[in-house]
Structure formats: structure tokens, C-alpha cells
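Subject: Structure handover

Hello,

Please find the structure below, with notes on what was found in it.

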Amino acid sequence: MKKLSLLFYYILFIIYEELVFSCLIYKAFPTSLWLIILFSLPIAIALNIVSSLFKEKANKIITYILTAFIVILFGAQIVYYSMYESILSFYSIMNGGQVTEFIDVIFDMILRNWYGILLFIIPIVVLIILHKKKIIDFEKQNLKETLMKIGALIIIQVIAVLCVNFISTKDIYSNKNLYYKTHVPKLTAKRMGFLTAMRLDLQRFIFGFEETLVIETSSENIEDSKDKGYNVTNIDFENLIENEQDEEIKEMHEYFNTQEPTNKNEYTGMFEGKNLIVLVAESFSSLAIREDLTPNLYKLYKEGFQFDNFYTPVFPVSTADGEYITDTSLIPKEGVWSFKEIVGNYMPYSYANVFENIGYSSNAYHNHTATYYNRDKYIETMGYNSYLAVGTGLEDRMNTSRWPNSDYEMINVTMDDYINNDKFLAYYMTVSGHLNYTKTGNAMVYRNWEQVENLPYSHKAKSYLAANIELDKAVGELINRLSEAGKLEDTVIVISGDHYPYGLTLEEINELSTYQRDDTFEKYRMPFLIWSGSMKEPIKVEKVGSSLDILPTVLNLFGIEYDSRLLIGRDILSNASPLVIFSDRSFITDKGRYNAITEEFIPNENTEIEEGYVQKINNIIYKKYQMSRLILENDYYRKIMK
């Protein structure tokens, strides 16, 4: 009986893995299967060549190793996607050593995705069977066969690249642009396959990559905007443009000069002179705001600003990206940890730098490892006078041996640092709401379990609520201590989440939700709480907003002088057009929602959409991504404001 060609095995193996990946990640059969196959064939041929160079025994071993490596790569991606909803980058692989602190979380995600991992493993089982039955050919190939396969590899790769270059090339996120000019791994993987996306990422990681896509936007400069009630400062962009030799920096000057600033409004300066306490809360969601279980969070929502159409999209580096967006109003750069790369830059609009300039003290706290994600250096870059976390002294004040540590205890042992100051800013990155959501593996869930054990939900849903009871206790401590110090009416508390609770499945999220949430947009609908004891009544805000808008909104409320053109987000309370940007380039506006994966726009009811609307918003989003990246790479604020 004629044996099965090893090349045929590799072709079926790679295409199968790509199909399973697409169905699991994008929940759909790939529409561009032909292109995925074209890019998969050269990979299969290359694997076949490598595993046919030696004698039969060595070739068998190499085949098993290569098969196992590819399976592990796909399996690791499905686990990674379950947490971060992004394509694993080589930058994260090289910088992810501290992830071992969350080994239990990784195992939980592996168990959650057992069926997908099992599907990826099937080819190994098939290979073993084929090997045992001696059906597959592991013989060494001769030079002529090797040369023929190399030739075929080159020809097919050229055909694939030609298809990318000449078929449907006009769209901003065309295959051509994704392949050559812009870095959007999630779209690249959908169109050309996961392995091609990884190959491009590795290539760009090793050799560097500069986006070269040129997009013109139609924003118009508003003359004398400072005199007309806009949030701008005296930056002479015309002079900067005239004297700039670097074309990239010049392009930035031109872009920001033509951005429409946000208007000052009835809420400008509403909290001027008050103290500020900011909490970026781990996995904080509106699911955790309940009158019965979390009365303090409920109080802040019912009595403060009610942003009911607010979204916190998840970006590739999870907590670090979520915190970065909240603190900087910039979009994270694809393929790196912006949290780490921003270190050393000048950040004039960070909370600490802004408030220290007007006489406030500034203290930052985190109840987990001080150095995780290089947070210690990041906090220093943001300008805080002090930073207390595990490793820099917090362990001397409270028990930090649990997982996760207590938000309540952190608040309790740190408030004396600043509460007696005339003007203070306190910044907290919390951790009590962190997964895993289990009674046995989460100290905060165990601590608060009695309050949730009889609720009619699944174990994980109840555990999530129990974990957030600890955050609620922390907020209650803030309120009580501020009240005792006579500073409740002179202090503003701002709370937002870093990302949605990805430790819960969509089904578990919907157990706790008051409405049915989808996997594309609504699971990212999150709370944004702004409250002060001085507020006489709640303020309901129906306008759409996102975590990118937090910083400019807070700056405007405190009457801080800032240049709104230089921030990527917008003050939600201004008349600026709303725009929620997702990491895969999907978006929500006041006119509707666009799913970049399916390339479908769903307009709001009774809303007319002008021709070319989606392309127009895509152009705006691309420029926001580009300018966020260039601000990071060029330390741009230092160039124009120092």
C-alpha cells in the first residue's frame, strides 16, 4: 500500500488548525479561507522540508516536535485570547516572566477552554495512529525533491502576496495595508491566518516596524478657540510646523493643530479646589453595583454622575492597558506594553503632574506586586510623590500574603498618609476583584462568601460578587474616614474598571446582568463613577463614552487648564461627538455600531447614515491610533510643552 505523503499530512494539519482557530476565536467559518490556505501552503511545505532532511527515525522525531510546537502555539493562543481577546505577541512572550504569579489563573483558563485545546490536539493523535500503522512516509527526500518543494513554496508565497497586493486594496484595513503598512493582528489573523499573523509579528519584533499608512482627516482648526470657551492652551502650532525639520513630528503638529477642541460647559470647574481619590478597580463592572450587597458602590452611582452608556474595551495587555488608557487618554500601541514603553516620557496631563502643579500632594497605591508590568517605573513617570505596594512597604502595614489582597485593608492602612493634607490626590489600583472566582482559590471570595452563598447564581457568579464586596468595604472606609475628617464634601471619588470581568463566561455575566449582553459590545458596558459629598442630586448622562474619555472629563470637572486637542479621548460632558474605540477597530458612535470583524454597521433606530460614514470613522480611528503611538514613541509632549 502506498504511504501517505508527509507533505499532505502537513497541509491538512495546518489548514485544520487554522479552521479550528477561526471558528473558536471569531465564532465563524473564515470568509477568506482561500487566502488562509494560500498562506498555509508555504508553511506546510517548509515544515515538510525540515522534517525530510534526515534519516527516517530523525524525521519522525522532528515531525512530532514540529506538530507539538504548532499545537502548543494554537493552544496557548486560545487560552491567551480567553483572557485578553487579542493575538499573542512576541513582545508579550519575551516580557511575560511575571505571569507565573498567576499560574492558577492559567490553569483555570486551560480548563475553561478544554474543548478547543482538545480540537487542536487531534492532529497529534492522528499522527500517532498514522505512525503506528506505518501509513505515513518519513523517508529522507532527495535533493531534487527538496529543490522542487522550495520552488513550490516560493511560487505559492508569491501568489499569496500578489493576491494581497492586487485584490480589494482600497479599504483602510485592506489585506494589503494589514500586510505592509499597519499592525492589527486580530484582523490579520482573521484574513490571512493565525500563523501568518504570528510570522508578521515576529518579523516586526525583530526588525522593527513603522506604520506607513497615510490617512487624511477632515478636522478643521477653530480660530481663537481659547477666547470662545474651549479647553485649549497657548501652543503655537503654526510656528512649530514652520520650524520643524522632522517630517513625522511635523505631521503631528499639523494633526493636533487641526483637531477641534472640546468646549467648556456647565460642569467646567464644578469640583475646582476639591480633593481627588481615583480608583482603577480590578475587573469592576456594573454587575457588582447592588443595593443589597455593595451599598457603598450603589450610593456613589445613585447620588453621583450616572454614565449609563459607558464602555471599557479590553486591549491586549489587559490591566496594564486599561490603566494606561484611564491615566493618559491615549490608545495603547499594538504589539508592545505601552505601560512599560512610556517610562521616562513627560506626561503633563497625568493626575499627579496636573494636581501637584496646583499645590496638591500625590500618593499612589497598589495591593499587589510593586514591579508587576514595571508599574513602579510607570507610577514614577506619572509623577506621583510616593508609591506604596507589595515590595515597597505595604507588606509592613497589612497582610499581603493572601491572594488576592484586600482593597479594604489597603484603604484602611493608607488614608492617614494624606487625609490631613490641605489638598490631596490619592490613586489606587485595586486587586480584590481579580479572578479566579472560586471560594477555595480566592481569599476575598472566601472572606465574603456568607453574604452570597444563598443567591440563585452559579458558583463563579456568586464568587465575583463576593470579591467585589471587598471593594465596596474599601469605598465605605473612604466615605467614613472622609466624613470623620470633615472632608466628605471637599473630596471627589472617581472609580472605573480596568477591563470587564473576563474571569466570567458570557453566560455567567448574563446571570448577573439586568439585560442580555452580547459578546461583541455589551459585555464591555461598564461603570464610571464620579461622586462627591457636595453633590445635591445625581446627574444622568446618556451620552456614549469610554475609558479613553475619563481623564479629560475629570480635568474639565476640576477646572484644570489643559489642551483637549492633545488627548485622544474627549470630555463626555462636552458637545464633542461620542466615539468608543475597540481594540479590533470596531466602534460605537451616536449613529450606530460597527463590527470590524464582520465588517457590519448597525445604525441606531431612526438614524440616517451618510454615504462613506464607516470609512470616515475608520479614518478618524486610525489617526487616533497613529497619534497615540507617535506621542509614545517621540515623547511628544516634552517637545511642545517643556
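The structure holds 41 aromatic pairs, where rings of Phe, Tyr and Trp (its six-membered ring) pair if their centres lie within 6.5 Å, and planes under 30 degrees apart count as stacked, over 60 as edge-to-face and the rest as tilted. One of the pairs is formed by Phe74 and Phe120, which is tilted, with 5.4 Å centre to centre and 35° between the planes. Phe74 belongs to helix 3 (residues 56-84) and Phe120 to helix 6 (residues 114-132), so this pair ties together parts 46 residues apart in sequence. Phe74 counts as buried because its relative accessibility is 0%, and Phe120 counts as buried at 1%; buried means under 20% relative accessible area, with a 1.4 Å probe and protein chains only.

This is a predicted model: local features need pLDDT of at least 70 and side-chain atom pairs count only at pLDDT 80 or more, while totals for chains, interfaces and linings use all residues. Residues are numbered from 1 along each chain as its sequence is written, and side-chain values use heavy atoms, with hydrogens and water left out.

Further ring contacts

Ring pairs also link Tyr267, Phe271, Phe305, Phe307, Phe310, Phe355, Tyr360, Phe528 and Phe558 into a cluster. Two arginines lie over ring faces: Arg204 over Phe209, at 4.0 Å from the ring centre, and Arg585 over Tyr625, at 3.5 Å from the ring centre. The rule for a charge over a ring is NZ of Lys or CZ of Arg within 6 Å of the ring centre and within 35 degrees of the ring normal.

Overall fold

The secondary structure comes to 24 helices and 14 strands (DSSP runs numbered from the N terminus: helices are H or I with at least four residues, strands E with at least two). With 642 residues, a compact globule would have a radius of gyration near 26 Å, and the protein agrees at 26 Å; the radius is taken over C-alpha atoms, and the globule rule is 2.2 Å times the number of residues to the power 0.38. Along the principal axes, the C-alpha atoms fill a box of roughly 90 × 65 × 50 Å. Buried residues make up 60% of the 642 residues.

Regards

Key:
Buried < 20%, exposed > 50% of the residue type's maximum accessible area, 1.4 Å probe, protein only.
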